[in-house]
Every structure is written in structure tokens, then in C-alpha cells.
Amino acid sequence: MRRRQQAPLPKRFGLDPARLRLPEDGTWATIRDHLVERLPRVDPARIDELLRQGGIVDLEGPIAPDAPYVPGGAVWFHRDLPEETAVPFDITVVHRDEDLLVIDKPHFLATIPRGQHIRETALVRLRHDLDLPDLIPAHRLDRVTAGLILFVINPARRGAYQTMFHKRSVRKEYEAIAPYDPDLELPRTVRSRIIKEKQVLAAQEVPGEPNAETVVELLEQRDGLARYRLRPHTGRTHQLRLHMNGLGIPILGDDFYPVLTDKPVHDFTRPLQLLAAVLEFTDPISGAPRRFETTRALQAWTDPEGWAG
């Protein structure tokens, strides 16, 4: 397999530079002409500015504004980052060794850069704050879900730890706060077929062979609310939220189920009361048992008035 070229630019804010390969059949007179056509969302004046500043490079160094087009070549540059609202919550480090970093992610912080969330993501924050440029997540949590995420520090170990999650050999437990229904028999195993279409925000349960399974248990109840333990055996998009909603006990703070609500990205109130509470597995490198537990608690249970306010 062809080895990927090492980027001639360092990471910035924990992010790799963008790499563009120049087509073999290109007929542009200059690299600048190609970039203007290739990047229609970027103002040509901004491309000219980057070229003047030496911000677009190849393996030999900065590219001159009039540099001729090189078929089959490659260029690197750092994309301009969008304006982001700072997520005003800290990441808690639960465990760190030479190979692994386990953190407790707060609500409203995405795991990895995507869309309008770039710098305000767990990966970029951790790479920058802990000086771990090669850090990579072994799995992900939704932006609105809090709790445990396992990151791999040592690049040589990435495959082993990511494979655990792909093979579903990691035991996960979540906690959720939702209405209490005295007529609902628990514990129970919920099975359904879940589909998620591209460009559609919400997933849905549809008829057909089940592809999602969750064990739902009642831990305690008071004042019309309950604390539940959720143990997913599969990892479908929004699986836990859909299964709880299907039981008639939607998770508090859910802006998707049962009703899709357009919540502004800068609104950090009433977070989804879903917490990734336990990760447990046999270490694929050492063979030792590993168990990590959250340091967080769900506010709707510990401080219901504060959460509702």
C-alpha cells in the first residue's frame, strides 16, 4: 500500500493541514488558477493572500503566486476556521498512560471536528491542551451526550483499540434520566430496526429485522422521574434515545425525540440527560481487564430545579 506523504506543515490548533492532490490531466497555467477553480467557496483574494504569505506549500516549501501547475503534485495549507461559540465546560481526564487517554466529555462538546464544530471539539482541545498531536479517538459520543470516551495516544496501538469497538467487544453502560412509568415492566430488552438517512437529522425506527438492541433497567425513581441504566449491544445512531422514546419515556432534554426542536448551537441549557457511565473491556495489548467509570452525574437527578432553570 502506498504510504501517505508527510505533511510539510505542522498541525495548527491540533488540526492537520488540508492536502490537495493536483490532477494528472490538469491544464491550468498556474497552481493558483487550479486552486481558484478547485475551491469555489474560498474567495480568490484569500487564495492570493495565502500565496503571498507562504501559507500554501508543497514538499519543496512555499508556493509562489505565479508557480506553474504541476500535474500529479500536491499542496498543503491550513483552512480558515469558522467562528465558534466556546463551549463553557471542561474536559475531565479519567485515566492516562503511554497508550490510552480516557476522558469524561461534557455535554455540548463534539468528539471530533465536523461541520461548524472544529476547535470546540474534544479531539482538538485535547491535542492542543495536552500536547498530544497524534491523539485519535477509538470511538465517538454525540455532541449532546456526556461521558466517557477512550482516545489512543500511541499511533502504533490505534488499530487494536479501535477494532475492539468495531467488534463490539467493549461493554458499555449509560445512565439516563426520564419520566417514571409504574406500569412499564423493567428490566427489558428492546429490539428494533433503526435507519438514519443522510442529510436527515433524526433517525427512525421502521418495520423489519431488528438491527439495534438495548437492555433498559430501572435504578431508582422519585417525584415522577427515574434514573435508568442502559446497556446497548449495538451502536446505531441515536439508538438509546429512540428506544427510550419508544417505551414512552423520552430522555429529558432530548431535542430530537419525540419532537424535533431547532435548538441554537450556543444554547447550553437543559442538556440531554444521557451519560456514558462505564467502559469495560479486556485490553487487546496486555490482556488485562480494564474498567473506567464516569466522574459525572446527571443534573436533572442531582439538581432538578437547576437543570430545569
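Author: Four bridges join β1 to β4 (residues 74–77), and the two strands run antiparallel. L20 stands opposite V75 in β4. This is a predicted model, in which local features need pLDDT of at least 70 and side-chain atom pairs count only at pLDDT 80 or more, while totals for chains, interfaces and linings use all residues. Residues are numbered from 1 along each chain as its sequence is written, and side-chain values use heavy atoms, with hydrogens and water left out.

Reader: What makes β1 and β4 a pair?

Author: Two strands pair if DSSP finds at least two bridges between them. β1 and β4 have four bridges, so they meet the definition. The strands themselves are DSSP runs of E with at least two residues, whereas helices are runs of H or I with at least four, both numbered from the N terminus. In general, strands of a sheet pair through backbone hydrogen bonds, either parallel or antiparallel.

Reader: Why is the sheet that holds β1 and β4 called open?

Author: Its four strands follow the order β1-β4-β2-β3, with antiparallel pairing. The edge strands, β1 (18–21) and β3 (61–62), each pair on one side only.

Reader: Which helix lies across β1, and at what angle does it run?

Author: Helix α1 (residues 31–38) lies across β1, β2 (56–58) and β4, running at about 110° to β1. The axes are lines fitted to C-alpha atoms, for helices over the stretch in contact, and angles run from 0 to 180 degrees between N-to-C directions.

Reader: How do you know whether R52 is buried or exposed?

Author: Buried means under 20% relative accessible area, exposed over 50%, and partly exposed in between, with a 1.4 Å probe and protein chains only. R52 has 61% relative accessibility and therefore counts as exposed. R52 lies in helix α2 (residues 44–53). Its C-alpha atom is separated by 65 Å from that of D223, 171 residues apart along the chain. Of the 309 residues of the chain, 41% count as buried.

Reader: What puts the buried residues of α4 on the same side of the helix?

Author: The buried residues of α4 (residues 158–166) are Y161, M164 and F165. They cover an arc of only 95° around the axis, which puts them on the same side of α4; the arc is that of the directions from the helix axis to the C-beta atoms. Their cover includes β6 (100–105), β8 (146–152), β9 (171–179), β14 (274–282) and β15 (289–293). After α4 comes R168, whose phi is positive, near 60°.

Reader: How many bridges join β9 to β14, and how many does β9 share with β13?

Author: Six bridges join β9 to β14, which run antiparallel, and K172 stands opposite L279 in β14. β9 and β13 also pair in the antiparallel sense over six bridges, with E175 opposite R229 in β13.

Reader: What makes a set of residues a nonpolar core?

Author: The set must consist of buried Ala, Val, Leu, Ile, Met, Phe, Trp, Tyr and Cys residues joined through side-chain atoms within 4.5 Å. The largest such core has 33 residues, and M244 is one of those that touch the most other members. Elements that give two or more residues to this core include β9, β13 (225–232) and β14. A second, separate core of 15 residues includes L22, L39, I56 and A67.

Key:
Contact means heavy atoms within 4.5 Å.
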